[in-house]
Amino acid sequence: FYVNDPSGSLFSRWLNGYQFSLPLMTILLVHEMGHFIAGRYYHLDVTLPYFIPAIPPLGTFGAIIKIKSPIPTLPALVRVGAAGPLAGAAAAIPLLAVGLHYSQVLPLQTDTGPAMTFGSSLLFEALSWLTLGVFSSQATIILHPMALAAWFGLFVTSMNLLPIGQLDGGHVACALFGRSVGHVVATITLAALMILGLSLWPGWLFFGLLTLFLGTKHPPTLYEEVRLDSVGYVLGWLAVILFVISFTPVPIGGVALSDLGN
């Protein structure tokens, strides 16, 4: 749906879909396996990843693992929370670089017809400049399916890193700043999402209301007296940096789809 021209051949549509879906599923799997391996390291009762299907055009609601036992300490919390996004980004970034290499760069004013447009982040801009020699504001970039898959993977990563409740970012914020400060950060983040939803992209309103429904407070660890270690601080702040550079204020715009797979 995102990468195909309906007028293309069956083979070209199959190939584009394959080049999109396989990288995207790989990123999601690596993300969840990061959580799984970190959880098993701390002897937590965690399930293997479950992929959540969705009707077209979404195709998938991502993947999840279920942690059935409480998190014992802050070092365990930050490692379990940060491992997924960091692992997923480690898979998505090279896939995005390769996908951008095979993407088509057109002059900025080129009319490609009605199109769905995808927003940019600091990370995307850096890779675009390193790979293509241009920023997205300087040209029209027709994304290769692999690049688009990596874009979605990093977008999902940034959403998971929002410092709210029991999202990955909520785990990290609780471990770095404590539960009380983490709750304040969650409240501010939720208010910011509402403002962004009203001013830039309505999708943030839906996501903000969803996180509000799920809860903004983080439960305590079993042994709160065990403080965060230096490695935990490094992993936590790496996750914060990843959130900042991968966040996309206006993820999706446009009115229709053009051929994104050439």
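Trainee: Is Thr-216 buried or exposed?
Mentor: The model is predicted, so local features need pLDDT of at least 70 and side-chain atom pairs count only at pLDDT 80 or more, while totals for chains, interfaces and linings use all residues. Residues are numbered from 1 along each chain as its sequence is written, and side-chain values use heavy atoms, without hydrogens and water. Buried means under 20% relative accessible area, exposed over 50%, and partly exposed in between (1.4 Å probe, protein chains only). With a relative accessible area of 16%, Thr-216 is therefore buried.

Trainee: Which residues are in contact with Thr-216, leaving aside its neighbours within four places in sequence?
Mentor: Thr-216 sits in the loop between α7 (203-214) and α8 (230-246); helices (H or I, at least four residues) and strands (E, at least two) are DSSP runs, numbered from the N terminus. Contact means heavy atoms within 4.5 Å. On that basis, the partners of Thr-216 are Ile-164, Gly-165, His-183, Ala-186, Leu-190 and Thr-211.

Trainee: How many Å apart in space are Thr-216 and Leu-190, C-alpha to C-alpha?
Mentor: Leu-190 is among the contacts of Thr-216. The two are 26 residues apart in sequence, and their C-alpha to C-alpha separation is 8.5 Å.

Trainee: What is the relative accessible area of Ser-121?
Mentor: Ser-121 lies in the loop between β4 (116-118) and α3 (122-132). Beyond its neighbours within four places in sequence, Ser-121 is in contact with Ile-245, Ser-246, Phe-247 and Thr-248. Ser-121 is buried, its relative accessible area being 11%.

Trainee: What is the relative accessibility of Tyr-18?
Mentor: Tyr-18 belongs to helix α1 (residues 10-41). Tyr-18 counts as partly exposed because its relative accessibility is 44%.
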